[in-house]
Amino acid sequence: MECHVYYEGDDDPKKCTARRLEKFDRAILHRSMGGVPYGVVLNPHAEQALSPADKTDALDTLVALDCSWESAEEAAFSMNGIHRALPFLVAANPVNYGRPFRLTTAEALAAALCIFDEQEAASDLLEPFRWGETFLTLNEEPLRRYAECADSSEVVAVQDEYLADE
Ligand SMILES: C[S@@+](CC[C@H](N)C(=O)[O-])C[C@H]1O[C@@H](n2cnc3c(N)ncnc32)[C@H](O)[C@@H]1O
């Protein structure tokens, strides 16, 4: 799958994972909304959880929005596409280590690839980050279980088990 990022540019450039993805040719960055292709948009405000059912031959594009969490309100996700939230997963990046749902752009794209059963692509995408492998190890079980689900309602049922343990 192709990974695209709409780059808002309002976060600390030194910590920005989208810029690093671009530098290492792991994602295509767009500085204007007009250039963002139609795809599966990773949107934490979306009503439906991402599931393997969202992967189709006709839609092989993932889109994330890279901005600060302060400006990542619902209205910021105005790109065209199928909007999906990621289910319960914990961050491995140093800023939000161990925190559920608050993933970096790189972690979010890698998680979506895993749910779409593209583990090798996920490892490759995270390769430029020293904590990248930790993200996959930390979330190994939920990612495997989400990838085995048929649809969004099954993903939510699995997620509920993890939320009950929180
Ligand atoms: C708000 S930005 C913060 C990016 C951070 N500045 C960085 O350097 O990676 C993170 C993006 O990853 C995606 N994302 C993160 N957590 C998510 C979740 N729980 N569900 C869906 N998308 C998520 C969204 O596209 C979100 O806008």
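The model is predicted. Its open sheet has 5 strands with parallel pairing, in the order E2-E1-E4-E3-E5. UniProt, in an unreviewed entry, gives the feature "binding site" at Thr-17, Leu-65, Leu-86 and Thr-105.

**Sheet**
- The edge positions are held by strand E2 (28-30) and strand E5 (81-84); each has a single partner strand, so one side of each lacks a neighbour in the sheet.
- On average, neighbouring strands are turned by 30° against each other, direction ignored.
- Strand E3 (residues 39-42) and E5 run parallel and are joined by 4 bridges.
- Leu-42 has Arg-84 in E5 as its bridge partner.

**Helix on the sheet**
- Helix H2 (residues 105-115) packs on the sheet and touches strand E1 (2-7), E3 and strand E4 (61-66).
- The direction of H2 makes about 160° with that of E4.

**Leu-86**
- Leu-86 sits in the loop between E5 and H2.
- Leu-86 has 22 other C-beta atoms within 10 Å and is therefore buried, the threshold being 20 or more.
- Leaving aside residues up to four places away in sequence, Leu-86 touches Leu-42, Leu-50, Leu-103, Ala-108, Ala-111 and Ala-112.

**Thr-105**
- Thr-105 is part of helix H2.
- Thr-105 counts as buried because 25 C-beta neighbours lie inside 10 Å.
- Leaving aside residues up to four places away in sequence, Thr-105 touches Val-5, Thr-17, Ala-18, Ala-64 and Asp-66; Thr-17 also carries the UniProt "binding site" feature.

Note on methods. Residues numbered from 1 in each chain as written. Predicted model: local features only at pLDDT ≥ 70, side-chain atom pairs only at ≥ 80, totals over all residues. Pairing = 2+ DSSP bridges. Helix = DSSP H or I, 4+ residues; strand = E, 2+ residues; numbered from the N terminus. Axes fitted to C-alpha atoms, helices over the stretch in contact; angles between N-to-C directions. Contact = placed C-beta atoms within 7 Å. UniProt positions renumbered as here; feature names shortened; annotations may be inferred. Buried ≥ 20, exposed ≤ 12 C-beta atoms within 10 Å, placed from the backbone.
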